[in-house]
Amino acid sequence: MRPFATLVTALCGLVLSSSSIVYAESTFASPKPLLPADFKPPQVFKNVNLVRNTNLEKGFARETINVVVENVDKQPQSDYYLSFPSDLFGRVGGLEVRDKKETEKGRFEVEAAEVDYPSDVQYFVVHLPEPLASSSQITLGISYSLLNSLHPRPAAIEQSDRQFLTYSFSAYVPSAYQTMTQKTKLKFPSTNVPDYTTTDLKSGEDPERQGSTYTYGPYDTAKIEPGTSHPVTVRYEFTKPIITATLLERDLEVSHWGGNLATEERYWLRNNGSKLLNHFSRVDWTVANYQQSPSSAIRELKYPLKQGSVDPYFTDDIGNVSTSHYRPSKGNREANLEFKPRYPVFGGWNYSFRLGWNNDLAPFLRRAASGTDSYALKVPFLEGPKMAEGLQYEKVVLRVILPEGARNVRYETVEGSSSNGLPSAGQIQSSLSSHKTFLDTLGRTVLTLAVESLTDEARDSQLVVTYDYSFWEGIRKPITITAGLFSVFAAAWAIGNIDVSIKKR
Amino acid sequence: MAESSVDVLLKGGSGRSARGLLRIIILVTIAAAAVSSRLFSVIRFESIIHEFDPWFNFRATKYLVQNGFYEFWDWFDDRTWHPLGRVTGGTLYPGLMVTSGVIYHVLRFLTIPVDIRNICVLLAPGFSGLTALAMYLLTNEMSSSPSAGLLAAAFMGITPGYISRSVAGSYDNEAIAIFLLVFTFFLWIKAVKIGSIMWGALTALFYGYMVSAWGGYVFITNLIPLHVFVLLCMGRYSSRLYISYTTWYALGTLASMQIPFVGFLPIRNSDHMSALGVFGLLQLVAFAEFVRGFIPGKQFQRLLTASIILTSGLAFVGLVVLTMSGVIAPWSGRFYSLWDTGYAKIHIPIIASVSEHQPTAWPSFFFDLNFLIWLFPAGVYICFRDLKDEHVFVIIYAVLSSYFAGVMVRLMLTLTPIVCVAAALVLSYILDIYLKASPGPVTRGRSNEDPSDGLRSARNPEVGISSYFSKAVTTSALIVYLLMFVAHCTWVTSNAYSSPSVVLASRMPDGSQFIIDDYREAYYWLRQNTPANAKIMSWWDYGYQIGGMADRPTLVDNNTWNNTHIATVGKAMSSREEVSYPILRQHDVDYVLVVFGGLLGYSGDDINKFLWMVRIAEGIWPDEVKERDFFTPKGEYRVDDQATPTMRNSLMYKTSYYNFNKLFPMGQATDRVRGARLPAESPQLSTLEEAFTSENWIIRIYKVKDLDNFGRDHNSAVAFDRGNKRKKATKKKGARVLRSE
């Protein structure tokens, strides 16, 4: 009687549970407040001192702004506006604002506040967790990357030539508020900086040069109107490719039955470096390879994989790419997948491919509490190749494919005391859907997270997904298959027993 | 004890079911062996589509899966044969693609996520398992011996003659067609034996499937009528024959006409006329048989003679008139080349240029069939001993297909099934004689009870071999042969037939495998870094691959439906740049792709195929392209500094060797395929520029230059860029005139 009852329950479960999935925490990006075109943030703050560090060692600009902010209003204020020129606004990646003095307290909530077209400036609003009292100060640490901000000059070079990049910015850091003093430090990948703008904004040499570090400022800008810009362009040698993933689709498939976490990543890669002036010459490339000379072409990518990763594959649209090398992990070291595109990817060239591997599920999954049906899955949000020249991702779509029948899905990104490279939760779009595969009846619950403008700074970020998954959901598939096969056999037997002959009996 | 338990298993009622079970297990094992022996390439390389034609089938299958059946049926492909396009849906045999499409959708329905590529790659091995089963059924109809069918199935499963076209990845029409061929023949034999409409209709059904799958269906269309005709001539008319043939012909012809590519051919093409003729003849014979029941013998003879002469005369005259008037198409060129092996070489070089259309070399019979080939005549002889209707079929099939296999390498495929049947008949016959235990007590007891008194030998007819020694010798010899056959098949499959030819493998000095993946490197470069509708010109061999892997429009491909277009490409390749460039411009060519094996010693490159391009071009422009000009006065085909000026100025030569000497020290450039020391100077290109060369130089891609910005011709533009001083004399003085060309 008992097994029969369980069978009935399970079958009912098959039918009913489709309606009972609760779309918990489905945080679709809330409609952004659209500000009028002539919007000006209320002048309630003052930047007492501002230091901007621009790091140009990678294929994108990484800026860190440390600013001492003082409330000059009579009321306590909590909304600090960050202004960006409109053309940069969409390329700001991994924006994070913290209290510089108490970084372990976590990031502040940041919201994009778009200004109606046409406007030269767009804003992010930083919501301070506690309103800043009148005439008191706070030190903000603002960090972000600017994607596609480096442009090769000359735009096309000979295959064996060295590549130079230009970076343009304003000597006055764009800010919505009055700034007392400010300076900008630039860190170049090498000391070879043939061209840079000199200014007369301060007495003495500007910029000051020290090795590969150039400093613009400090400027006394108390009398300068907020929003004034003074264009500066630097041109420097960068012998590495500018690796850009126009799209990364990353699938994490959780299988409770198999105890397996399968990862597949699909990349659409492009090199944004200098294009080839003439066409590709194999002779020159062979020579360059032989001499190991630096090149702006993507020769090889190195991808450290989690310990215990097995069965890696590297394929593209037309099959396996044989030029890959996998070093499995030994001891505590990470496994390493070294793979070469089919051809060297020069500036302006594309290469799309897919990578995948499997991991044991146990290190990633655990029950939220023993005895419950609730699980917590902790997986890397982004992995990606680890290259000295860095990687920028224009769009990342992460799909976490949970087992069939998982419900009450929630997620959060793990915050540490330092930046994890991800933007704040409001800028991660999420949705739940269902995906049918491998004899599924209802389809698996899929959590899709989409982020625009990321860099490989987010490599170590973690994502925690919690969900409920009952025992009966787990045995739904064996029961379905058994029932299916049984009905096939029964049908075959029944059909076999029908006599359709027209002979006399 | 063991023996007795085996006895229990093999005797009586339970024995029968035990034997049936054993038979099923053996068959399943054979099918598994057939499948797994075809997986060498998947294990060694990867799950990849092989060679040339399969790439088209794969592309068409993807189109079918993505766009649905009706779109596929109406598919006009503007990405091939630029600028003509190809009515692909109406000019292909859809059976293969539809089969994979159905499998794909069934799997999707069960939500099993199988990539369409994997279905395509594994279709041929899967169907070869089915072929082994069909072979078992067919052979079982021929022999009463229990072992014949199993032997035939095993032979069919692993014989290289069939494996050559059905390894994993060889996604071609033959992959399913051989199964359909064998199974249709089985159904036909069954129909003739029983005389049932159902079996005849089933034959027609599978014949229709076969028509949809492979152009080789004409073989069935002619073999079955021939079988019937021979039976009629042997005086073996029966109502069974009448029922099965008329059912098959009527339904089968209707079924075959459903395929757009076949259309009205069954009633308009000479290739199909024998089936129609035999259909008519059968009606006459049936009528005559009917009349004979009413009329006395002598009058009947006279009537019969008169009517036969009259009708055959009428039919012949009708055929001639219809052929002359063009209602019935005359024989096709490919058909003529079956009778005259020299025909293609003279009239249709494009057919002759394909290696699989060459006459078969003798050793390849042994290579593909091993010891089956010498068992084959014995098997045919055995059929003569016991000449039933089905044995007549085997004999006709054997005679016809041995001829065809001798004419064309490719048709070895149609020979293989009948060789397996014949060889299995012989082997089972021998095994039955030599393996049977000594005459059982049952026989002896019965002969003892025989009351008639006669000679002892006659009374007790002990037919068979009783000496254990001769039994042992013969069977062990056979077993050795069989084992050698298996070893040979494995060796041949592994070494000769399991290379994808898209990916090449060689060995590193330390013995590890080194993959040469130049084709895909270059194709993928094209796919990723050229505009989506950049036209690629290459020799037609690579058309399907470019379409499949690079996803770019091509000028010509392996379909070869338009000889003139191919000749145009041949002309562009074999002419000087000044002649080629206008051709390239007229055809919107953006890139020229050539295959060059000189660095690696890869012999299947374009320079080695070059003479065919010249010949095909010469067929259309005999005044402009001459094969003789490519040979030195001594009649040698050379690429070094002795090469003729025509050769050295041809686009193919230039694109192949452009900048090749830079890889070598001064004057040391060597072509490893032809073993020739190349001239010290690299050929100069003025209208093309090198765009991409793959790692081992196998694929070289050139971009066709745009018209010069200053209106100069490319030659002088290049000379100017190089800094050559322009001769003053060439500068024309005087009033400017409008060029009129």
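**Entry 1. Helix 25 of chain B**

I looked up the buried residues of helix 25 of chain B and found Cys489(B), Val492(B) and Thr493(B). I note at the outset that the model is predicted. I then asked what covers these buried residues; the cover includes helix 3 (40-44), helix 7 (146-158), helix 8 (160-163) and helix 19 (362-369) of chain B. I also checked the length of helix 25, which runs over residues 468-496 of chain B. At 1.5 Å a residue, its 29 residues should span 42 Å, and the end C-alpha atoms are 41 Å apart, which agrees.

**Entry 2. Helix 5 of chain B**

I repeated the length check on helix 5 (residues 95-109) of chain B. Its 15 residues, at 1.5 Å each, should span 21 Å, and I found the end C-alpha atoms 21 Å apart, in agreement. Which residues of helix 5 of chain B are buried? I listed Gly95(B), Leu96(B), Met97(B), Thr99(B), Ser100(B), Gly101(B) and Tyr104(B). These buried residues pack against helix 4 (53-73), helix 6 (116-142), helix 9 (174-194) and helix 10 (197-213) of chain B. Just after helix 5, I noted that Thr111(B) has a positive phi of about 50 degrees.

**Entry 3. Chain B as a whole**

I recorded 33 helices and eight strands in chain B. Along the principal axes, its C-alpha trace spans about 125 × 70 × 60 Å. Chain B has 741 residues, of which 41% count as buried.

**Entry 4. Chain A as a whole**

For chain A I recorded five helices and 31 strands. Its C-alpha atoms fill a box of roughly 115 × 70 × 50 Å along the principal axes. Of the 505 residues in chain A, 36% are buried. Among contacts in chain A with a separation of 6 or more, residues 24 or more positions apart account for 79%.

**Entry 5. Partners of strand 7 of chain A**

I examined strand 7 (residues 137-146) of chain A, which is joined to strand 2 (residues 61-71) of chain A by 10 bridges in an antiparallel arrangement. In this pairing I found Asn66(A) opposite Gly141(A) of strand 7. Strand 4 (residues 92-99) of chain A also runs antiparallel to strand 7, with six bridges between them. Here Glu96(A) stands opposite Ser143(A).

**Entry 6. A four-stranded sheet in chain A**

I traced an open sheet of four strands in chain A, with the order 8-10-15-12 and antiparallel pairing. Which strands stand at the edges? They are strand 8 (150-152) and strand 12 (195-196) of chain A; each has a single partner strand, so one side of each lacks a neighbour in the sheet. Strand 12 pairs with strand 15 (residues 231-237) of chain A over two bridges, in the antiparallel sense. I found Tyr196(A) opposite Val234(A) in strand 15.

**Entry 7. The contact of chains A and B**

Finally, I looked up where the chains meet: 22 residues from chain A and 27 residues from chain B take part in the contact. On the side of chain A that touches chain B, helix 3 (282-291), strand 21 (319-320) and strand 24 (350-360) each supply at least two residues. Strand 24 of chain A gives the most, with three residues. By type, I noted that this side of chain A has eight nonpolar, eight polar and six charged residues.

Conventions:
Residues numbered from 1 in each chain as written. Chains lettered and ligands numbered in written order. Predicted model: local features only at pLDDT ≥ 70, side-chain atom pairs only at ≥ 80, totals over all residues. Contact = placed C-beta atoms within 7 Å. Nonpolar A, V, L, I, M, F, W, Y, C, P; charged D, E, K, R; others polar. Pairing = 2+ DSSP bridges. Expected span 1.5 Å × (residues − 1). Buried ≥ 20, exposed ≤ 12 C-beta atoms within 10 Å, placed from the backbone.
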